[in-house]
Amino acid sequence: MTAATELTVGQVAARSGVAVSALHFYEARGLIRSHRTSGNQRRYGRDVLRRVAIIKVAQEAGISLAEIGAALESLPEGRTPTHADWNVLSTAWRDQLDRKIAQLKKLRDGLTDCIGCGCMSIDKCPLRNKGDRLAKEGTGARRLLVPSSP
């Protein structure tokens with residue numbers, strides 16, 4: 001890389017909106033890479049901006065850093081990913097994101113009548129579980145969970 005195409009950690013932080021400490025953390029986790037100058041300063045290729053953007057958006061969607069790291073391994077180092085590269089990454093998350101979307105919709109719709117109520121005991125409450133009869137189906141909020149895929 002030439003000096004004109006390299007970015008300092010401060011430049012990456014400013015351009016990406018991510019704190020320098022977060023960039024160091026991402027690098028320690030292997031999510032992004034830098035090299036060191038002769039003065040032992042970090043330098044990043046411009047492609048790191050796209051990787052950081054993916055990390056931020058994926059974290060917002062609730063994807064774990066381990067899953068993000070696995071997906072980023074499918075992308076090439078040192079060059080802008082192609083459409084095919086992005087397709088590999090997005091396909092890996094599609095089912096997971098669809099399930100999260102369905103779960104969030106069910107939670108939103110199931111809690112609409114409960115916001116501000118807090119009683120959880122009225123007969124018409126969609127979350128009521130008299131006598132804990134749902135225990136045989138498993139742990140957690142059974143009525144709010146989206147069924148798992150086979």
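At what angle do α3 and helix α5 (residues 83-111) pack, and how far apart are their axes? In this predicted model, local features need pLDDT of at least 70 and side-chain atom pairs count only at pLDDT 80 or more, whereas totals for chains, interfaces and linings use all residues. Residues are numbered from 1 along each chain as its sequence is written, and side-chain values use heavy atoms, with hydrogens and water left out.

The packing angle of α3 and α5 is about 10°, and their axes lie 14 Å apart, where axes are lines fitted to C-alpha atoms, for helices over the stretch in contact, and angles run from 0 to 180 degrees between N-to-C directions. The two helices, α3 and α5, are therefore roughly parallel, a term that applies to angles under 35 degrees, while those over 145 count as roughly antiparallel, those from 65 to 115 as roughly perpendicular and the rest as oblique. The crossing of α3 and α5 is right-handed, meaning that the near helix is turned clockwise from the far one by less than a right angle. The contact (heavy atoms within 4.5 Å) is made by R50, I54 and A58 of α3 together with W86, L89 and W93 of α5. These residues divide into five nonpolar, no polar and one charged; Ala, Val, Leu, Ile, Met, Phe, Trp, Tyr, Cys and Pro count as nonpolar, Asp, Glu, Lys and Arg as charged, and the others, Gly among them, as polar.

The protein chain as a whole contains five helices and three strands, which run β-α-α-β-β-α-α-α from the N terminus on; helices (H or I, at least four residues) and strands (E, at least two) are DSSP runs, numbered from the N terminus. Of its 150 residues, 29% count as buried, that is, they have under 20% relative accessible area, with exposed meaning over 50% and partly exposed in between (1.4 Å probe, protein chains only). Among contacts with a separation of 6 or more, 54% are accounted for by residues 24 or more positions apart.

In helix α2 (residues 20-28), the buried residues are L23, Y26 and E27. Viewed down the axis of α2, these buried residues fall within an arc of 100° and so line one face of the helix, the arc being that of the directions from the helix axis to the C-beta atoms. On the other side of α2, S21 and A28 are exposed. The cover over the buried residues of α2 includes α1 (9-16), β3 (42-45), α3 (48-60) and α4 (65-72). E27 counts as buried because its relative accessibility is 19%, and, leaving aside neighbours within four places in sequence, E27 is in contact with I32, R33, S34, R42 and Y44.

The helices α1 and α2 pack at an angle of about 105°, with their axes 9 Å apart, which makes α1 roughly perpendicular to α2. Here V9, G10, V12 and A13 in α1 meet V20, L23 and H24 in α2, a contact with five nonpolar, two polar and no charged residues.

A further set of buried residues is found in α4, namely L65, I68, G69, A71 and L72. They cover an arc of only 165° around the axis, which puts them on the same side of α4, and the buried residues of α4 pack against α2, α3 and α5.

N40 is placed in the loop between β2 (35-36) and β3.
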